[in-house]
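These are my notebook entries on a structure that I looked up.

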Amino acid sequence: MPRGYPERPQTGESDQLPAKPAVRGVSFSISPGETLALVGESGSGKSTIVRAIAGLLAPTRGRLVFDGQDITLPVERRTKELRRQIQLILQNPDASLNPRHRLWRIIGRPIEFFFRTSGREQQRGVAELLETVQLDAGYMWRMPSDLSGGERQRVAIARALAARPKLLLCDEILSALDVSVQAGILNLLRALQAGHGLSFLFISHDLAVVRSLAHRVAVLYQGELCEVGGVREVFSPPFHPYTEVLFRAQPVPAPGEDLPTDVPSGSELEGEEAVPACPFAPRCPRKVGSICDRVPPPWSTVSATHAIRCHIPGGELAKLQAI
Amino acid sequence: MRGPPAPVIDVDSLIVDFWDRRRWTNVVHGVSFHIFPGETLGMAGESGCGKSTTAYALLGYHRPMSRFNGGAVRFLGRDLLRLPARELQKIRGAEIGFVPQNPATALNPSMPVGHQVMESLEAHGACATRREAEDRCLGLFADMGLPRPKVVAGRYPHQLSGGQQQRVVLAMALACHPTLLVLDEPTTGLDVTTQARILSLLARLRARYGMAMFYVSHNLGVLAQVCNRITVMYAGELIEVASTAELFRNPGHPYTRGLIASLQQVSGFVGTQPLLRGLLRRDALPLGCRFAPRCEYSQPGCFTSPQSLATVGDGHEVACWRWPDIPAGTDPADKGTV
Ligand SMILES: Nc1ncnc2c1ncn2[C@@H]1O[C@H](COP(=O)(O)OP(=O)(O)OP(=O)(O)O)[C@@H](O)[C@H]1O
Ligand SMILES: Nc1ncnc2c1ncn2[C@@H]1O[C@H](COP(=O)(O)OP(=O)(O)OP(=O)(O)O)[C@@H](O)[C@H]1O
Ligand code: SF4
Ligand code: SF4
Ligand SMILES: [Mg+2]
Ligand SMILES: [Mg+2]
């Protein structure tokens, strides 16, 4: 595998929660030209993982490997080339766009920094990037404050693409965009992948988008992976019990239908110490018994590419979920 | 004698311009609507069409480098666009709650989030004692599905995940039981489970306090779940207003039809062919119907005659002169031009 990113960051950055790091024992890899989607509820640790890969926070334990090279380094200690190759688009673009600079500077800076291009040529680059995210070239004279929410999100995408990365970490980059613009950006990402073998780590709450873009999907629950597999495999039984709940909660796009009433409550973790061995045990509709609280569930392989972490074996789950 | 109830908010021909390098550019163009007590009005539309600009106007606020260039926004009879800043300050936060599109901007980065909520409660005299304020704050955090409210309350904004920040801002906006709640994409950063939880919480609060809501979202599916009525905006103009059921049963405007069709396609969405072709280009708006360059049903006349909302049914308005000619249920994806 020419490029892989096996990693197990154990980030203990949660000061008030010494007992429970935000992300625990997570390992996965992404191949060139591949899209891995990371899904999981709010607060499950998705942004923490991408920030660790980008070197914005240091894992307590674990290793990051990129192109066969150990990159478990903070961003300041990474080489310029490495910083160019791994680009992160933050969940909240506003925080990353300098409010005092016009867009030509914001997008032009990485072009200048990484490719030493300036003047006319740089401006042409900025204009092209703006067009690829469906913004008019005239926008380069604007300040971030003169943009709508979705326009800002697209500027953040354009700036990350300016570095021509090999691995793009996308944290909820489509959530502020309507269907038409979303479809355009999705096509852009696909084209970049096909043309330049770009890899994506793609975080999204929108399962329809995940389904259409990802090759593989990793499901995160309270900082631990519970299912990993090819996109078709994850979207069909057997499901991990959490994945099953997650998919069932998809909003019904029709009026008049009632909101789901039996929505399991959010990431409730009552007792500080009483973290059960399976983090999903307190909410799991298929809980086997006290074994789930006491014994960490094993990974069971459903296929060569599909694994589920649960005390119920994959075959059993498939039978339970067949109805 | 009992007439219809007075609206909580009445927006009348609102016009907002932005300063774009050398000249004023119009963004919101003669928008009118009202919201009754206990009612939720939704607003859908493409990125950049003017939804947030309208939402800000409901607080009597316009962003830097922009101006109100006409119209009125009457909140319980008082025009917010002409109210002194001090009066406005009193209304905002207490009587009108606001959840901006980017939750981080609503939070003070240097103060634990619990303090911020309590401070807002005290500033508006909503709670007699610190204790009461704390209880209400923690109660709201729990309602939002935030894990261990006490821990969350002690954290600074940067120590929370994106969705957690969003829920803190929602809690802050709800804390004073506002008469009107303005929500700009309040659940975009949330997973479906958490989102469903928030939506049902909002429905409960609306029923309990008769709160009126203005709900902005680019996602019609979400609006369908929470709104009584929905407005659809295109390039700064309202192009359709209808009750939620009517809008889905009987969409009139070709743009609305495209939106609904792409929504229904989402389950099997492959993301290659948007049902709505093209994009909103403000620099190339025709004199007539602003949607004409993208419309499957356009005729030469559309490019020259401006369209405005006209009543087509009970509480249903459409800004398209050709709506009677467009057969119901036509898929906007196929070239149905006559
Ligand atoms: N600096 C910090 N100190 C303490 N806890 C933190 C800090 N940053 C994040 N956390 C906690 O770590 C957990 C994971 O956060 P993360 O931002 O990774 O979640 P997420 O999966 O991206 O959620 P969302 O979908 O809401 O963005 C959360 O419970 C959050 O409160
Ligand atoms: N100072 C400015 N000069 C010129 N145009 C501006 C200025 N500020 C905002 N705009 C434009 O006004 C339009 C409307 O912005 P608004 O934030 O209301 O959009 P929106 O409907 O909320 O979009 P989104 O869904 O992307 O948040 C955008 O196209 C934006 O670029
Ligand atoms: S291990 Fe037990 S509690 Fe955890 S998901 Fe499986 S059945 Fe549910
Ligand atoms: S007026 Fe003409 S161009 Fe505009 S929406 Fe109607 S048919 Fe289409
Ligand atoms: Mg996040
Ligand atoms: Mg907006």
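**Entry 1: terms and numbering.** I take helices (H or I, at least four residues) and strands (E, at least two) as DSSP runs, numbered from the N terminus. I count residues from 1 along each chain as its sequence is written, and I letter chains from A and number ligands from 1 in the order in which they are written. The model is predicted, so that local features need pLDDT of at least 70 and side-chain atom pairs count only at pLDDT 80 or more, while totals for chains, interfaces and linings use all residues.

**Entry 2: backbone of chain A.** I noted as background that most residues other than glycine have a negative phi, and that most peptide bonds are trans. I then looked up Asp67(A), which sits in the loop between strand 2 (65–66) and strand 3 (69–70) of chain A. Asp67(A) is not a glycine, yet its phi is positive, near 55 degrees. I also looked up the peptide bond from Pro237(A) to Pro238(A), which is cis, with omega near 0 degrees. Pro238(A) belongs to the loop between helix 8 (231–234) and helix 9 (241–248) of chain A.

**Entry 3: domains of chain A.** Domain bounds come from an automatic or database domain assignment. For chain A the assignment gives domain 1 as 35–220 and domain 2 as 237–253 + 270–323. I found 32 Å between the C-alpha centres of domain 1 of chain A and domain 2 of chain A.

**Entry 4: the sheet of chain A.** Two strands pair if DSSP finds at least two bridges between them. In chain A, eight strands make an open sheet with mixed pairing, in the order 4-5-6-1-7-8-10-9. Which strands are at the edges? They are strand 4 (86–89) and strand 9 (299–303) of chain A, each of which pairs on one side only. From one strand to the next the twist averages 20 degrees; for such angles, axes are lines fitted to C-alpha atoms, for helices over the stretch in contact, and angles run from 0 to 180 degrees between N-to-C directions. I followed one pair in detail: strand 8 (residues 224–230) and strand 10 (residues 306–309) of chain A are antiparallel, with two bridges. Val228(A) has Ala307(A) in strand 10 of chain A as its bridge partner.

**Entry 5: the sheet of chain B.** Chain B also has an open sheet of eight strands, in the order 7-8-9-3-10-11-13-12, with mixed pairing. Strand 7 (96–99) and strand 12 of chain B are its edge strands, each pairing on one side only. The twist from one strand to the next averages 20 degrees. Strand 7 and strand 8 (residues 180–184) of chain B run parallel over four bridges, and Val99(B) is bridged to Leu183(B) in strand 8 of chain B. Strand 12 (residues 310–313) and strand 13 (residues 316–318) of chain B pair in the antiparallel sense over three bridges. Here Thr311(B) has Glu317(B) as its bridge partner. Strand 12 and strand 13 of chain B form a hairpin with two residues between them, and Gly315(B) in the turn has a positive phi of about 65 degrees.

**Entry 6: helix packing in chain B.** Two packed helices are described by the angle between their axes and the distance between the axes. The axes of helix 4 (residues 130–143) and helix 6 of chain B come within 9 Å and cross at roughly 130 degrees. Helix 4 of chain B is therefore oblique to helix 6 of chain B. Angles under 35 degrees count as roughly parallel, over 145 as roughly antiparallel, 65 to 115 as roughly perpendicular and the rest as oblique. Helix 3 (residues 113–123) and helix 6 of chain B pack at about 15 degrees, with their axes 9 Å apart, so helix 3 of chain B is roughly parallel to helix 6 of chain B.

**Entry 7: ligands.** A residue is near a molecule or strand if its C-beta atom, placed from the backbone, lies within 6 Å of it. Where is ligand 1? It lies between chains A and B. Its shell holds 21 residues, and the closest are Ser42(A), Ser47(A), Thr48(A), Ser161(B) and Gly163(B). Helix 1 (46–53) of chain A and helix 6 (162–175) of chain B are the elements that give two or more residues to this shell.
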